[in-house]
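Trainee: I have a model open on my screen and would like to talk it through. Can we take it piece by piece?

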Amino acid sequence: MIFDLSFLDLELEAAKTGSLSPALTGHPAFRAIAEHEAELQRPVWDADSFSTRFSAAAAGKEGDWGLAPLFQERERLEGFRDWLETEKEALTALVRQQLERFTGVPQNPELRCIPYVGSYDAGFSPDVGNGAIYLNLPVLSSREGFLETLVHESYHARKAEPKTRQKAKQLEFQSSPMTQLLFFTAEEGAASLVGNNGLLASQHPVIPLRAAEEGYAELKQLLGRFCGQELDEQAALEAFLQTDCCYTGGVYIAYSVWKAYGRDGMDTWSARADLDAYYQAFRSAPQGADWPALSL
């Protein structure tokens, strides 16, 4: 894994000098974050908006856009940055070992981890198998929380075969609403299980989530309402997206598959993106025995 600290360095330097350089707003990471924000229909992230909010943050008036830590926590962020540079080989080994426990799909040796400061997420990876992951350092208040998130996002960026990556992309963007719902459940649930190192809940949570059992129960009820024709596919997806079920229900499903079938069961999703086989593996496990039968 490559820890690319260049964008973080530009942000920290800007906070130190009070001046934004063209290199910062022209950096590939700046564009990647802007695209992510636009996808989620958040406030525009561009050179002008960044400059305005940067100035507000410097004056202590920014609000919640996420740049204030550049000024309020700069020393801590600089220490975090130095730790990443010093420990990059140990961190790479830890990620590889944890992924190997749950999937036969290897870590991408060319994966770039790009820390940044700003906006709301703890981190993101643009899509399955992408060559870069982005981690928002101020949200990750502890190194342990950083490690869990690093592993979680590295799972998303696993070195899947091209046909698996293409299949995952089709499931996410070009499929029915119900298939999209189950795609997010499978992908985020598996990433959460791997990030938690086999536990149902994070030991160092960075965002508030309900207990896995609660998300599991709500997701089961939602799918039952769809199968009972109380909700159509689009309504089910919209209701799902208002919850944390992709993480909480998803991790419970992943945990059930892992306990029943081990790495081979997990790899029906991780290695093959076979949504039907993964869901059927869950329904064959004790926890999924009374879940709705779905045609995928």
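Predicted model: local features only at pLDDT ≥ 70, side-chain atom pairs only at ≥ 80, totals over all residues.

Trainee: How many aromatic pairs does a search of the whole structure find?

Mentor: Rings of Phe, Tyr and Trp (its six-membered ring) pair if their centres lie within 6.5 Å. Searching the whole structure that way, the number of aromatic pairs is 18.

Trainee: Are the rings of F124 and Y134 stacked or edge-to-face?

Mentor: Planes under 30 degrees apart count as stacked, over 60 as edge-to-face and the rest as tilted. The F124 and Y134 ring centres are 4.8 Å apart with planes at 10 degrees, so this pair is stacked.

Trainee: Which strands hold F124 and Y134?

Mentor: Helices (H or I, at least four residues) and strands (E, at least two) are DSSP runs, numbered from the N terminus. The pair ties together parts that are ten residues apart in sequence, because F124 lies in strand 3 (residues 123-124) and Y134 in strand 4 (residues 132-136).

Trainee: Is F124 buried or exposed, and what about Y134?

Mentor: Buried means under 20% relative accessible area, exposed over 50%, and partly exposed in between (1.4 Å probe, protein chains only). F124 has 6% and Y134 has 8%. That makes F124 buried, and Y134 is likewise buried.

Trainee: At what angle do helix 7 and helix 13 pack?

Mentor: Axes are lines fitted to C-alpha atoms, for helices over the stretch in contact, and angles run from 0 to 180 degrees between N-to-C directions. Helix 7 (residues 88-102) and helix 13 (residues 245-270) have axes 7 Å apart. Roughly perpendicular covers 65 to 115 degrees (under 35 is roughly parallel, over 145 roughly antiparallel, the rest oblique). Helix 7 and helix 13 are therefore roughly perpendicular, at about 110 degrees.

Trainee: Which residues of helix 13 make the contact with helix 7?

Mentor: Contact means heavy atoms within 4.5 Å. Helix 7 brings E100, R101 and F102. On the helix 13 side, the residues are W258, R263, M266 and D267.

Trainee: How do the residues of the contact of helix 11 with helix 13 divide?

Mentor: The helix 11 and helix 13 axes come within 7 Å and cross at roughly 95 degrees. Ala, Val, Leu, Ile, Met, Phe, Trp, Tyr, Cys and Pro count as nonpolar, Asp, Glu, Lys and Arg as charged, and the others, Gly among them, as polar. The residues of this contact divide into seven nonpolar, three polar and two charged.

Trainee: Where is S119 found?

Mentor: S119 is not a glycine, although its phi is positive at about 65 degrees. At 6% relative accessibility, S119 counts as buried. Its place is the loop between strand 2 (112-116) and strand 3.

Trainee: Which residues is R76 in contact with, leaving aside its neighbours within four places in sequence?

Mentor: R76 sits in helix 6 (residues 74-86) and is partly exposed, with a relative accessible area of 33%. Leaving aside those neighbours, R76 is in contact with L137, P138, L140 and S141.

Key:
Residues numbered from 1 in each chain as written. Heavy atoms only, no water.
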